[in-house]
Amino acid sequence: MRFQLLSDDDRLGIHEATLEILEKIGVWFKDSREAEDLFRTNGCHIEGGRVRIPRELFAECVRRLPDRNDLRICVTKLGFSDSLGLRQGESHAGVIGNPYYLYEHGKGERNLTETDADDKFLILDSLPNLKFDCCCTINASQREGGAVFPDYQKTEVCLDYLRRRLGSRAQTSGKKPAIHSNILHGREGNSRVHSPRTLKPLEKMELLRHAILYGPRETEALLARDTPLIWCNPISPLQYHPEQVREIVQGIEQYGSNCYVMFSPEVMLGGTGPVSMAGALAQHNAEVMSGVILTQLLAPGTRAIYGSVSGVMDLRTADISLGSLESMLFNAGVVQLADHYGLPCRVQFGNSSARSTGVRAAVETAWGLHLGLAAGANLVNTGLLDSTLMLSLEHLVLVDELLSQIRSATAAATVDTEHLAIDVIRQEGRPGTNYLGHVHTLEHMKEAVYYSDFTGRTAKSYEDWYDLAHGKVQAILRRAREDAAADETLAQRTAAIEARLREDDRAWRDGHDGWWRFYVQDLV
């Protein structure tokens, strides 16, 4: 069940408008000497930081892109636990955003705390349909102007954090365990180059936690799947910040064409871009593709991701509204444009604008998830409230449930001899009989109909969805703490790591390749 916003003629019209924008209006790479020199060498016109890109160069750079059907992505620093395919139409959902407050079930909103981030990690590890965690919670202590932050270069400070995090362990429901390391560290800015080589102190403790809980071999295997990612957010309208350009240049120099570079503008319709859908898509396309061209000039074959954090501006309040239907439709158009150039995509679907759990949050999320999967988006950002500023653990549980429902409802029907069931109808298709006890019903009932506590006609299914989700949240957190407390070897393994950290207090801070192996050698 596929959804397409744009006809073929519409898509080609936006492509032609993009070429005109790049060729005649241009994109600003002001104060980025390396980018300007590279564009100039390849036949672009440069004037005051404005780069005008000829359509012939555009076409040549698109031809240099690798075949997306061969691509897989696993960014361990962003909570990926496995490699995800990026073929056209292959969809994976995860959480991306920077929430600073929480909707607490039955109590209302409040600022986030450090332990809320711990709980978020556990919930996401326990939900099978959410495949990555790029959600960096901003705690109340990090928002205060005069806040004093711990010195995370001190071993004991990091050990305190590690001990706290080892107080619970999640049941992963068949998922491979992730290394959760998208963590803010005081006032330090987070690098937009994501790789195990760029881990900060607490992120290194998360890696050691993974080795303690799941063993060094599992940690080694996860790191071996890692694909470095350079995250770039062009500034709408039509400009690139010199620091982001520098990170792209340096990242490609370090990792070569095997890294991913993701371009995610935030075109706000009516604010930082045209209010019309077609005009905003054309500008968004120009912002993304000018960056893609830069990567292909730096290293042909570099893997690029066509991203979006764009949406409509509510012009009554001048505030972005990602839960609006038009925001979802815009991102469906983004998927088609990415497919047009053979690029994998990362888009926003199902991040509600609601500021509390309830009907609006559930409906906007369901709309968005359905459109995202039907459009064939590769990496679907979802799961947050207030246009990504609010976290709700119960809403994450509901998002996972909705993904199961939507995938079940949109799966292709199987039409073959077994599923046509003519022999079964021949046996039971007469007055006075039924199919309840037939072996065909027993064999296919869970395949043919999706069952959960949230659906159907059971006593549980009549309860409020968020009450049901709250019960599941509490069960996950309780079990996670009980499992950690019952693990008799956990304290021994933790002590072994602590002893090694005291023996060598330097290598973990220097962070050279393979630094962590010294500390986990006693866990084999």
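Modeller: The lining of the second largest cavity divides into 4 nonpolar, 3 polar and 4 charged residues. Here Ala, Val, Leu, Ile, Met, Phe, Trp, Tyr, Cys and Pro count as nonpolar, Asp, Glu, Lys and Arg as charged, and the others, Gly among them, as polar. The model is predicted: local features need pLDDT of at least 70, side-chain atom pairs count only at pLDDT 80 or more, and totals for chains, interfaces and linings use all residues. Residues are numbered from 1 along each chain as its sequence is written, and side-chain values use heavy atoms, with hydrogens and water left out.

Biologist: What is a cavity?

Modeller: Rolling a probe the size of a water molecule over the atoms shows where empty space is left. On a 1 Å grid over the protein atoms alone, a cavity is a set of points where a 1.4 Å probe fits but cannot get out, and lining residues have an atom within 4 Å of a point. Grid points are joined across faces, edges and corners, and a volume is the space filled by probe spheres set on the points.

Biologist: How many cavities of 30 Å³ or more does the structure hold?

Modeller: There are 4 of them. The largest cavity holds about 70 Å³ of space. Its lining has 13 residues, and F80, C134, L229, M262 and L379 are the closest to its centre. By class, that lining has 11 nonpolar, 1 polar and 1 charged.

Biologist: And which residues line the second largest cavity?

Modeller: Its volume is about 60 Å³, and the lining includes G79, L124, D125, K131 and H180. Strand β9 (130-135) gives the largest share of this lining, 4 residues. Helices (H or I, at least four residues) and strands (E, at least two) are DSSP runs, numbered from the N terminus.

Biologist: How should I read two helices that pack together?

Modeller: Two packed helices are described by the angle between their axes and the distance between the axes. Axes are lines fitted to C-alpha atoms, for helices over the stretch in contact, and angles run from 0 to 180 degrees between N-to-C directions. The axes of α12 (residues 393-409) and α16 (residues 465-486) come within 8 Å and cross at roughly 105 degrees. Therefore α12 and α16 are roughly perpendicular to each other (65 to 115 degrees; under 35 is roughly parallel, over 145 roughly antiparallel, the rest oblique).

Biologist: Which residues of α12 meet α16?

Modeller: Among them are L393, V397 and L402 in α12, and the residues they and others meet in α16 include W465 and V473. Contact means heavy atoms within 4.5 Å.

Note on methods:
1 Å grid on protein atoms, 1.4 Å probe; cavity = no way out; pocket = protein on both sides within 12 Å on 5 of 7 lines; lining within 4 Å.
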